[in-house]
Amino acid sequence: GLGHTGSVTAVVRVLLDVDESLNVGTRLALLALLIVGAFQLFGRIRRQTRQLRAETDRARAAAERANAAAERESNAAAIAGTLMMVSDAVSRVTRLDDVLNTVVEVLPRVLDIDYCGIFGWDDLRGRYEGSAIAGVDDAM
């Protein structure tokens with residue numbers, strides 16, 4: 001970067017300090033060379049800028065993927081922990097009603113939710129019926 005700018009500045013200074021004995025045509029030719037060199041320099045800078053942006057975008061995408069993977073892993077660990085707590089609580093009961101009631105009592109504490117319910121399909125009534133509910137007022 002700065003080396004190229006320094007080179008252009010040096011050439012401009014040389015052109016300004018050139019012996020006045022050089023004719024106008026020679027000075028114009030030198031100026032044309034300077035302009036061509038400047039365009040090449042700007043093109044190189046533009047390409048390098050595009051490359052840096054592309055590399056930054058790739059790095060940002062990789063960081064986002066890593067964050068998403070870490071979040072998925074954390075969520076999986078939390079789910080596994082929750083399942084272990086529910087499994088431990090349920091292992092002490094044998095009746096289905098007791099199992100369902102234990103699940104709906106444990107999950108709100110573990111998942112930090114206000115209420116939990118399990119509904120089962122009643123073939124005779126043709127609708128879902130509450131099998132076990134916790135955290136909901138009896139009035140509801």
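Residues are numbered from 1 along each chain as its sequence is written, and side-chain values rest on heavy atoms, with hydrogens and water left out. Because the model is predicted, local features need pLDDT of at least 70 and side-chain atom pairs count only at pLDDT 80 or more, while totals for chains, interfaces and linings use all residues.

Two packed helices are described by the angle between their axes and the distance between the axes. Helices (DSSP runs of H or I, at least four residues) and strands (runs of E, at least two) are numbered from the N terminus. The axes of helix α2 (residues 24–90) and helix α3 come within 9 Å and cross at roughly 145°; axes are lines fitted to C-alpha atoms, for helices over the stretch in contact, and angles run from 0 to 180 degrees between N-to-C directions. On the α2 side, Thr-82, Met-85, Val-86, Ala-89 and Val-90 are in contact (heavy atoms within 4.5 Å) with residues of α3, including Val-99, Thr-102 and Val-103. The residues of this contact comprise ten nonpolar, two polar and no charged; here Ala, Val, Leu, Ile, Met, Phe, Trp, Tyr, Cys and Pro count as nonpolar, Asp, Glu, Lys and Arg as charged, and the others, Gly among them, as polar.

Thr-102 touches Ala-89, Val-90 and Val-93, not counting residues up to four places away in sequence. A polar atom of the Thr-102 side chain also lies 2.7 Å from the backbone oxygen of Asp-98.

Val-104 lies in α3 as well, which spans residues 96–111, and is buried, with a relative accessible area of 1%. With residues up to four places away in sequence not counted, Val-104 touches Cys-116, Gly-117, Ile-118, Ala-132, Ile-133 and Ala-134. The C-alpha atoms of Val-104 and Ala-134 are separated by 5.6 Å, although these residues are 30 apart along the chain.

Strands β1 (residues 116–122) and β2 (residues 127–134) run antiparallel and are joined by seven bridges; two strands pair if DSSP finds at least two bridges between them. Trp-121 has Tyr-128 in β2 as its bridge partner, and Asp-122 stands opposite Arg-127 in β2. The hairpin has four residues between the strands, and Gly-126 takes a positive phi near 70°.

Conventions: Buried < 20%, exposed > 50% of the residue type's maximum accessible area, 1.4 Å probe, protein only. Polar contact = N/O pair within 3.5 Å; in protein donor to acceptor, adjacent residues only side chain to side chain.
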